[in-house]
Amino acid sequence: MKLPLDINEIKGFLDPDEGEALFDNCIASAKLGPCLEVGSYCGKSTVYLGEACRLSGTILFAVDHHRGSEEHQQGEEYHDEDLYDEQLGLVDSFKSFRANMRLAELEKTVVPVVAPSEVAARKWATPLGMVFIDGGHSLDAAMTDYQSWSRHVVPGGILAIHDIFPDPNDGGQAPYTIFELAKSSGLFKELPQVRTLGLLKRI
Ligand code: SAH
Ligand code: MG
């Protein structure tokens, strides 16, 4: 895998092994349809998925309201001053995201959908080759993402979910909960996990 830029230059929350697994699974499923991620932040995962989509001649929809999750807000653990719009009093990761897509030469592959996941999903009708869920980590947000997007994955396609922690001492349980839901739905076959990246193939 060769990325179009130095991935360490992009702020984010993704291990390189997880990024490589996203890339490989996206290459394998992008021929089945366009791909979509929920939770782009500054575009780290977007570069891995976007480059795989570019090489496959397809499109990546990158859904994020760019206002940050709970943990990115002022005073919270993962707040980043550089991504805070003082005038608006809001997080704004879109400027950084957009600059990074330009640097990565992915502007003709990545379609930013700057909206809450549930709004972007409301009228969605396009079958998807791969869906990557890495948005809000409240149970409510994770459930909405699962219900909104997993049903659009085509047979043979991939559903990937980030931040899977089977042990509650290691991290929040919402992504793990929807991962277990997907497994018990009977609609997916589990693939080997890569660090905290859960991977499922639509039967
Ligand atoms: N995938 C990124 C990290 C994503 S962080 C990486 O590789 O670095 C989670 C992102 O989800 C944040 O940017 C936040 O704005 C977004 N998010 C949280 N809840 C959301 C919602 N309901 N709709 C859209 N985006 C949401
Ligand atoms: Mg994550």
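Trainee: Which helix gives the largest share of the lining of the largest pocket?
Mentor: Keep in mind that this is a predicted model. Three helices, α2, α4 and α5, each supply at least two residues of that lining. The largest share is four residues, and the helix they come from is α5.

Trainee: How do the lining residues of that largest pocket divide into nonpolar, polar and charged?
Mentor: The lining has 39 residues, with S69, E71, D134, G135 and G136 nearest the centre of the pocket. About 840 Å³ of space lies inside. By class, the lining residues come out as 11 nonpolar, 18 polar and 10 charged.

Trainee: Which helices each supply at least two residues of the lining of the largest cavity?
Mentor: The lining of this cavity includes I133, D134, H137, A142, D145, P175 and I178. Sorted by class, the lining is five nonpolar, four polar and two charged residues. Helix α6 spans 174–184, and the helices that each give at least two lining residues are α5 and α6.

Trainee: On to the rings. Is the pair of F13 and Y41 stacked, edge-to-face or tilted?
Mentor: A search of the whole structure turns up five aromatic pairs. For F13 and Y41, the centres are 5.0 Å apart and the planes make an angle of 45°. Planes under 30 degrees apart would count as stacked and over 60 as edge-to-face, so this pair is tilted.

Trainee: How many residues apart in sequence are the parts that this F13 and Y41 pair ties together?
Mentor: F13 lies in the segment before α1, while Y41 is in the loop between β1 (35–38) and α2 (44–56). The pair therefore ties together parts whose separation in sequence is 28 residues.

Trainee: What type of pair do W124 and W149 form?
Mentor: Their ring centres are 5.3 Å apart. The planes stand at 75°, so the pair is edge-to-face.

Trainee: Where does W149 of that pair lie?
Mentor: W124 sits in the loop between α4 (117–122) and β6 (128–133), and the pair ties together parts 25 residues apart in sequence. W124 is buried at 16% relative accessible area, and W149 counts as buried at 0%. As for its element, W149 lies in helix α5 (residues 139–149).

Trainee: Which residues do ring pairs link into a cluster?
Mentor: We already have F13 and Y41 as a tilted pair. Ring pairs bring in one further name, and the cluster is F13, Y41 and Y78.

Trainee: How many disulfides does a search of the whole structure find?
Mentor: Take C35, which is buried at 1% relative accessibility: its sulfur is 3.8 Å from the closest cysteine sulfur, in C26, too far for a bond. C53, buried at 0%, has C26 as its closest cysteine too, with the sulfurs 3.7 Å apart, again too far for a bond. A disulfide needs sulfur atoms within 2.5 Å, and the number found is zero.

Trainee: Is H66 buried or exposed?
Mentor: H66 has a positive phi of about 60° although it is not a glycine. Its place is the loop between β2 (60–63) and β3 (84–85). The relative accessible area is 2%, so H66 is buried.

Trainee: And R195, buried or exposed?
Mentor: R195 also has a positive phi, about 50°, without being a glycine. It lies in the loop between β8 (188–194) and β9 (197–202). With a relative accessibility of 53%, R195 counts as exposed.

Trainee: Last one: which residues does S29 touch, not counting residues up to four places away in sequence?
Mentor: S29 is found in helix α1 (residues 16–29). It is buried, with a relative accessible area of 1%. Leaving out residues up to four places away in sequence, S29 touches G129, M130, G157 and I158.

Methods: Residues are numbered from 1 along each chain as its sequence is written. Chains are lettered from A and ligands numbered from 1 in the order in which they are written. This is a predicted model: local features need pLDDT of at least 70, side-chain atom pairs count only at pLDDT 80 or more; totals for chains, interfaces and linings use all residues. Side-chain values use heavy atoms; hydrogens and water are left out. Buried means under 20% relative accessible area, exposed over 50%, partly exposed in between (1.4 Å probe, protein chains only). Contact means heavy atoms within 4.5 Å. Rings of Phe, Tyr and Trp (its six-membered ring) pair if their centres lie within 6.5 Å; planes under 30 degrees apart count as stacked, over 60 as edge-to-face and the rest as tilted. On a 1 Å grid over the protein atoms alone, a cavity is a set of points where a 1.4 Å probe fits but cannot get out, and a pocket is an open set with protein on both sides within 12 Å along at least five of seven lines; lining residues have an atom within 4 Å of a point. Grid points are joined across faces, edges and corners, and a volume is the space filled by probe spheres set on the points. Ala, Val, Leu, Ile, Met, Phe, Trp, Tyr, Cys and Pro count as nonpolar, Asp, Glu, Lys and Arg as charged, and the others, Gly among them, as polar.
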